[in-house]
Amino acid sequence: MAAAQKLQRCAVSPTGKHSASIIFLHGSGDTGQGLRAWVRDVAVPDLAFGHIRVVYPTAPARPYTPMRGALSTVWFDRHKISRDSPEHLESVNAMCGALGRVIEEEVKAGVPKHRMIIGGFSMGGAMALHLACRYHPDVAGVFALSSFLNKDSVAYKAVEERARVGGGLPELLQCHGTSDDLVLHQWGEDTAALLKKAGMASTFHSFPGLHHQLCQPEVELLRSWVLTKLPPLQPDP
């Protein structure tokens with residue numbers, strides 16, 4: 001099965017001592033290298049840190065139903081690109097396992113999960129929400145850029161259950177362009193509202209006129225938010 005293989009990835013290393021990590025997941029049909037290059041083109045200065053490693057994994061190619069079964073580098077399959085469609089949970093859950101091993105590698109490198117943020121663009125943001133809400137709620141935060149969850153997503157139920165028993169949940173940052181015609185702005189807003197209703201602390205930022213893409217102010221906002229969640233560690237006295 002594709003998800004059982006070790007995922008390819010590229011990473012931007014910190015300029016100083018590595019004490020925190022971001023796992024940044026690409027959108028459908030892209031690669032870790034492609035997202036890394038896009039971020040570098042959009043962000044001035046680059047999305048790089050003195051103490052945080054930014055890891056960009058690549059999804060393995062698999063048949064993708066919205067492309068009539070053609071192979072694509074996607075984190076999971078969809079029955080169709082719609083909030084009203086049921087989730088393809090078999091592929092979502094398999095990829096949660098594969099990405100869990102990426103998280104475990106960061107832990108083995110000395111970074112505890114509370115010093116880790118998971119996020120992504122488009123489908124990568126949805127994948128990050130499944131990881132953080134269902135499997136790794138002890139991470140420091142999760143971000144979703146131009147992303148949505150299906151309206152009956154199991155992620156909402158997982159957040160609700162964890163909130164009910166008083167378990168901790170990561171804070172969510174969502175960003176979305178108002179002119180996005182692939183993943184509608186309303187889908188992002190609805191996702192944020194349902195996660196908040198379930199018990200997740202979240203902030204939703206709209207970017208007027210932005211299509212299904214990244215932009216400099218959005219990456220700057222992300223950088224600032226990351227540093228509030230993963231500040232540099234103070235040296236021991």
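This is a predicted model: local features need pLDDT of at least 70, side-chain atom pairs count only at pLDDT 80 or more; totals for chains, interfaces and linings use all residues.

Trainee: Which residues are buried in helix 1?

Mentor: An α-helix has 3.6 residues a turn, so residues three or four places apart point the same way. In helix 1 (residues 32-42), the buried residues are Gly32, Leu35, Arg36, Val39 and Val42. Buried means under 20% relative accessible area with a 1.4 Å probe, protein chains only. Down the axis of helix 1 these residues fall within an arc of 135°, so they line one face of the helix. The arc is taken from the directions from the helix axis to the C-beta atoms. Helices (H or I, at least four residues) and strands (E, at least two) are DSSP runs, numbered from the N terminus.

Trainee: Which way do the residues of strand 7 point?

Mentor: In a regular strand the side chains alternate between the two faces of the sheet. Here Gly141, Phe143 and Leu145 point one way from strand 7, and Val142 and Ala144 the other way. Five of the five residues of strand 7 (residues 141-145) are buried, so it is largely enclosed by the rest of the structure.

Trainee: How many bridges join strand 7 to strand 8?

Mentor: Two strands pair if DSSP finds at least two bridges between them. Five bridges join strand 7 to strand 8 (residues 171-177), and the two run parallel; Leu145 has Cys175 as its bridge partner.

Terms used
Residues are numbered from 1 along each chain as its sequence is written. Side-chain values use heavy atoms; hydrogens and water are left out. Buried means under 20% relative accessible area, exposed over 50%, partly exposed in between (1.4 Å probe, protein chains only).
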